[in-house]
Amino acid sequence: MFLPVLSHFSALATAITSILSALLLLAVSRQLWTFRWTITRDKQCKLPLPKGSMGWPLVGETFHWLFQGSSFHISRREKYGNVFKTHLLGKPVIRVTGAENIRKILLGEHNLVCTQWPQSTRIILGPNTLVNSVGDLHKQKRKILGKVFSRGALETYIPRLQDVVKSEIDKWCSEPGSVNVYAAAKSLTFRIAVRVLLGITMEEARINYLSKIFEQLMNNLFSLPFDLPLSGLRKGIKAREALHASMEEIIEEKMQKQQSEEYSDAFDHILSSAKENGYDLSMQELKESAVELIFAAHSTTASASTSLILQLLKHPSVVEKARAELEANGLSCSALCENCPAENQDGEDIPIKNEQTERDANKNVCTGTGTTSSTNRTGTSDFVSDSGGKLTHPCAHLPHLSMEKLNRLRYLDCVVKEVLRFLPPVSGGYRTALQTFELDGYQIPKGWSVMYSIRDTHETAAAYQSPELFDPDRFGFERDESKTGRFNYVPFGGGIRSCVGRDLAQIILKTLAVELLATTEYKLATKTFPNMLTVPVVHPVGGLHVNFNYLHCSKKI
């Protein structure tokens, strides 16, 4: 009778002993792990290591970081301060927030710190890219790319860029259901990179194929550095090789053709700038440069474009003020569309009386942008024929923009700046300490990783009044809160590693904003706004789903 009871007690005691032993082992191993990193401090420096936790053996706090997202850094910043230590992705990391701290990091390139990308990123992008270059080679490559993003070059990109934006917006407005804005924005920025920067014109099926391959490359860019079958790194390398094969064909074809006198794309500028600087670019360097140009224009700009549309949806007063500015500058549907369907006094559309247009509409002809539509989703026949006889919506005929026209849109500039402050596409950047140095009263040991936070700095900078609010007026002439400190506003980084394509990114965002505000109306297709993830770039969980329609002009008869 007692034997079964004793047996159960014995088993229970054994289980408890095993659990306690395991917990003790974990506790001891964690203390040893912490001690292991404590003794790595630079003993020649009297300053202490920053406060923080190194987490668990080997994995550190990586899983906490992956699952908690932005709250991971917020909670630790509140607990330990603007400079704290942690252990992520197999390396000791010092997380840094604050304008003065970031200033020291960004201006210390090649002296205190050097750029650090994950090993998988360096392998996939290739050794000849700007992100993988250091020292004199980095300066030389940046000088070559300087011509690509010069004011003169940017001015020539705008008409083609705007045409791509118009074409993609027409697809959005022709979509019978809602549009996943983040996915659509990635498609848009990929097409801008291919059409505008690389100067490539190709069939839609070919673009879609390359877009999917590039998406595969991007999805595996930040993966574990193990080149094994089915590993993320192996998938990224395969995607890179497929892109390089396509790029080589395109590059050879471009180099055989005579450069156009009317238009020079980014690739033309790279070739001519390299020649001017006495630098011979190999085919491998050209292929890697082509992929890097797409990389630079793709994810971060798609993220910012999505954030722009999200904030326009959330803030109708901002939309109203921006549209008033467009109206004042002659950039609105009602100001420009003489062929738009008029409305009678009851607000009902009067369809355009154009026999050819009506015949084409009845045939459901192509709009010229890869979609077929005779009416928009409101059911009104308001498409007109362009000079080529194709159906386009009258509101899609905004004139081509220019640097001068965009510069006149001061409030729109404030909106774009606030989007980049409020939701910077990249949360921060990584560096490696080249020598031990001081930061905020702590030592940063040589060899440790330093992660500076753009997002946290924007959120905590004393320069900003109510930084938790979306307020474009903070960048207006009367306030201009960014003037109080150069490193309070760093969406594009700073120093010699600042984003070389920052001006192009802002032009893309402004052009998209002009076309959306002047020609479309849009509405959230879900009951609530999505949450935003910050890794690897800021993007909406489950996508941002929006219904787009062309605007109807308000003229009456």
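**Close-up views of a predicted model**

Lysine 171 is buried, with a relative accessible area of 17%, and it is the starting point for these legends, which describe a predicted model.

**View 1. A salt bridge links lysine 171 with glutamate 204.** In this pair the closest N and O atoms are 3.4 Å apart. Because lysine 171 belongs to helix α7 (residues 151-174) and glutamate 204 to helix α9 (residues 204-219), the contact ties together parts that are 33 residues apart in sequence. Lysine 171 counts as buried because its relative accessible area of 17% falls under the 20% limit used for that word, whereas glutamate 204, with a relative accessible area of 39%, is partly exposed. A search of the whole structure finds 28 salt bridges, and the next two views each show another of these contacts.

**View 2. Arginine 240 and glutamate 241 meet through their side chains in a salt bridge.** The N to O distance given for this pair is 2.6 Å. Arginine 240 is buried, its relative accessible area being 14%, while glutamate 241 reaches 40% relative accessibility and counts as partly exposed.

**View 3. Glutamate 418 and arginine 474 form a salt bridge that belongs to a network.** The side chains of glutamate 418 and arginine 474 meet with an N to O distance of 3.1 Å. Glutamate 418 lies in helix α18 (residues 410-422), and arginine 474 lies in the loop between α19 (454-460) and α20 (502-519), so this pair ties together parts that are 56 residues apart in sequence. Both glutamate 418 and arginine 474 are buried. Through salt bridges that share partners, Glu418, Arg421, Asp471, Arg474, Arg479 and Glu481 are joined into one network.

**View 4. Five strands make up an open sheet with mixed pairing.** The order of the strands across the sheet is β1-β2-β10-β7-β3. At the edges stand β1 (83-88) and β3 (113-115), each of which has a single partner strand, so one side of each is left without a neighbour in the sheet. From one strand to the next, the twist averages 35°. Within the sheet, strand β7 (residues 428-433) and strand β10 (residues 449-453) run antiparallel and are joined by five bridges, and threonine 432 stands opposite serine 449 in β10.

**View 5. Nonpolar residues form a surface patch of about 1,200 Å².** The patch is made by Leu12, Ile16, Ile19, Leu20, Leu23, Leu26, Trp56, Leu58, Val59, Phe63, Leu66 and Phe67. The elements that contribute two or more residues to the patch are α1 (2-38) and α2 (62-68), and α1 gives the most, with six residues. Phenylalanine 63, one of the patch residues, is found in helix α2; at 46% relative accessibility, phenylalanine 63 counts as partly exposed.

Technical notes: Residues numbered from 1 in each chain as written. Predicted model: local features only at pLDDT ≥ 70, side-chain atom pairs only at ≥ 80, totals over all residues. Heavy atoms only, no water. Patch = residues over 30% accessible without salt bridge, like charges linked within 9 Å, V, L, I, M, F, W, Y side chains within 5 Å. Areas by Shrake-Rupley, 256 points an atom, 1.4 Å probe, with all protein chains shown as cover. Salt bridge = Lys/Arg side-chain N within 4 Å of Asp/Glu carboxyl O. Helix = DSSP H or I, 4+ residues; strand = E, 2+ residues; numbered from the N terminus. Buried < 20%, exposed > 50% of the residue type's maximum accessible area, 1.4 Å probe, protein only. Pairing = 2+ DSSP bridges. Axes fitted to C-alpha atoms, helices over the stretch in contact; angles between N-to-C directions.
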